[in-house]
Amino acid sequence: MSTSMRSWATPLAIGSFIILAVTGILMFFKIEGGYIKPVHEWLSWLMVAGVVLHTIANWKVFVAYFSKIPAVSIISVAVVVTALAVFMPASRSENPRAKMMKSIESARLETVAELAGKESGEIIATLAGNGISVSDPSMTIRQIAKANQKKEMDVLGLVFR
């Protein structure tokens with residue numbers, strides 16, 4: 001049984017490691033196009049399954065590692081790092097992109113028009129053509145969205161189109 005499981009558990013662990021290593025490195029460098037992030041997140045389950053099955057198939061060797069100081073040290077450090085990653089509070093500082101979007105959403109249409117490189121009248125006409133009314137160019141994007149039962153991002157999508 002152990003030999004049969006080993007014949008596919010080890011390749012599963014190796015194959016999933018390759019996927020996670022490549023996609024993880026790409027994500028580290030902010031290269032997240034295509035399906036990189038969902039592949040990384042969802043196929044991590046393959047790695048978990050492969051490692052669990054690999055461990056079961058190689059149980060005697062696995063248990064023997066706990067009698068070696070270097071192996072126990074490495075495993076202990078991994079457990080501590082994992083615990084810190086899971087239980088340490090994250091930084092309270094807000095994502096700069098989120099701050100920027102909140103600022104734009106709370107900015108007057110006239111100000112956002114300048115950012116978009118357009119005249120506010122042109123934007124009002126574009127919005128009106130898409131069923132969004134603007135009674136005053138000094139309204140904020142948030143006010144415009146709320147008055148028209150739209151999401152701020154929908155309004156901004158039309159502004160920056």
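Which residue's side chain meets that of K37 in a salt bridge? The partner is E41, at 3.4 Å, N to O. A salt bridge here means a side-chain nitrogen of Lys or Arg within 4 Å of a carboxyl oxygen of Asp or Glu. This is a predicted model, where local features need pLDDT of at least 70, side-chain atom pairs count only at pLDDT 80 or more, and totals for chains, interfaces and linings use all residues. Residues are numbered from 1 along each chain as its sequence is written, and side-chain values use heavy atoms, with hydrogens and water left out.

Start with helix α2, residues 36-57. Helices are DSSP runs (H or I, at least four residues), numbered from the N terminus. K37 and E41 sit four residues apart in this helix, so about one helical turn separates them. K37 is partly exposed at 37% relative accessibility. E41 is also partly exposed, at 39%. The cut-offs are under 20% relative accessible area for buried, over 50% for exposed, and partly exposed in between (1.4 Å probe, protein chains only).

Now turn to R142. Its side chain forms a salt bridge with E105 (3.2 Å, N to O). This pair links distant parts of the chain: R142 lies in helix α8 (residues 141-147), E105 in helix α5 (residues 96-105), 37 residues apart. R142 is partly exposed at 34%, whereas E105 is buried at 12%.

R142 also meets E152 in a salt bridge, at 3.6 Å, N to O. E152 belongs to helix α9 (residues 152-159), 10 residues from R142. E152 is partly exposed, at 22%. The structure holds four salt bridges.

Conventions: Helix = DSSP H or I, 4+ residues; strand = E, 2+ residues; numbered from the N terminus.
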